[in-house]
Amino acid sequence: MKFFIPVSLALALAAPLGTLAASPQPPKAINPADVQSLHQEIASMRADYEARLKALEQRLMAAERQAPVNAVVPTPQPALVTAAVAPPPSALVVPTPAAANGGANAFNPAMSLILSGQYTNTSVSPGAYGISGFQLPKASAAGPGARSFNLGESELGFSANIDPWLRGAANISLHGDDTVSVEEAFIQTTGLGNGLGLKAGRFLSGIGYLNAHHAHTWDFADNPLAYQALLGTQYRDDGLQINWLAPTDQYIELGLELGSGRNFPGSDTGKNGAGMVSFSAHTGGDIGVSHNWRAGISWLRTEAGGQELSGLDASNSLVANAFSGSTEVAILDGIWKWAPHGNATRTNFKLQGEYLQSTRSGTLAYDVAGANTSDAYNAVQSGWYLQGVYQFMPNWRIGLRTEQLDARSPNYGINAAALAGTGYKPSKDTLMLDYNPSEFSRIRLQLAQDRSRENQTDNQVFLQYQMSLGAHGTHGY
């Protein structure tokens, strides 16, 4: 029985083959009528397609005649379209010509508004705030600010592309004391190529790491003491900025700036040339898929003439002084970021730090409203901060910052007895917790022990909100 089964299958498979071999079928003859019918169908489809294309061209010509002289009309591009899928004329979309007076709406910049406010509680009055051993600019923004409820610095921003080569941006600061200032207003190239970029106008300098970041992007409610004492909280200037991004796998960026130098640590000297020059170099990259870093070095030089300063004298009282001379500030900065597998939405950590050193050389007039004694002034002073911010769950972050200044021993000349310090090193420790319901809103609680003034510890509490409205551009690394 086992023998008959495979034999039967073999015969069943061979039978059709044998039949085909035994009786081959002649090829079917082509009907001339069928060929003629196919030719007619192809000709009909071709004529229909050409008619639709001609109708579209006529409608486009009519739109061009109706459009304003300066309007840019799209040029039809050739396309490979089969007649079988060509849309009917009613489905073709033709650009609607702009109205004759529509040019006024052609420029629509992106607009944004950052609303900020806070409640401040301090154990030491901020009215006579100073940093022992350091000369701060008059009307400095250093310190915790006014007590109780305050409208913080809100920011109104505008930005748009001007043409294929330039874009423009402006950020207007609305201060809680009802004053308004121009934080930034510049034009910037978009297509120089070769990694080059040029910016002209007023801008936040690219020195260091934190300086170029707007206040609403800071991880704490205030800037570190080193920025307050050595850069007047944040350095901006009117001038030119040139950046070059190297065409390498390793991130390398060089920056050069020339400016008026009117802001602290410089002042208006009345010269035609540049009163400020700065240079910066940064490099960085990725370490695996979860880590990345950036580090850099910067150098800034400014000049000052009769610069109005406010400092604590030997009796810890504020006096008005004036400085004329040059200042150089060197900065080392570094930041390391971690996010599991590059996804920072749930949890991430950021470690950041900077070291600043300022060298001032010139003359200092002590107590210009009283003694007004002037003599040589030379000071090499420094400061640093280190901070870590950890997002431990979506929307929630906690951060800790520690910092210290070193006034060293400035040479005050004949004013040494009135201004000489004790070698005290101002310091501060800060803890913050913030809740971010979305990328457009933030509520922050911050606690700090500020020991900027010798023999005084200021316990500070801040409750801050920041809300973003409108189309705000992305921020730097």
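A: Buried residues (under 20% relative accessible area, 1.4 Å probe, protein chains only) make up 35% of the 477 residues in the chain. This is a predicted model: local features need pLDDT of at least 70, side-chain atom pairs count only at pLDDT 80 or more, and totals for chains, interfaces and linings use all residues. Residues are numbered from 1 along each chain as its sequence is written, and side-chain values use heavy atoms, with hydrogens and water left out.

Q: How many helices and strands?
A: Four helices and 18 strands. Those are DSSP runs numbered from the N terminus: helices are H or I, at least four residues, and strands are E, at least two.

Q: What's in the largest nonpolar core?
A: It has 25 residues. Among those with the most contacts inside it are I131, F134 and L405. A nonpolar core is a set of buried Ala, Val, Leu, Ile, Met, Phe, Trp, Tyr and Cys residues joined through side-chain atoms within 4.5 Å.

Q: Which elements give two or more residues to this core?
A: α3 (225–231) and β12 (318–338). The largest share, six residues, comes from α3.

Q: And what does I131 touch?
A: Leaving out residues up to four places away in sequence, I131 touches L136, L225, A229, L312, L405, P426 and S452. Contact means heavy atoms within 4.5 Å.

Q: New topic. Is S280 buried or exposed?
A: S280 is buried, with a relative accessible area of 9%. S280 lies in strand β10, residues 276–287. Its contacts, not counting residues up to four places away in sequence, include E253, L254 and I297.

Definitions and conventions. Buried < 20%, exposed > 50% of the residue type's maximum accessible area, 1.4 Å probe, protein only.
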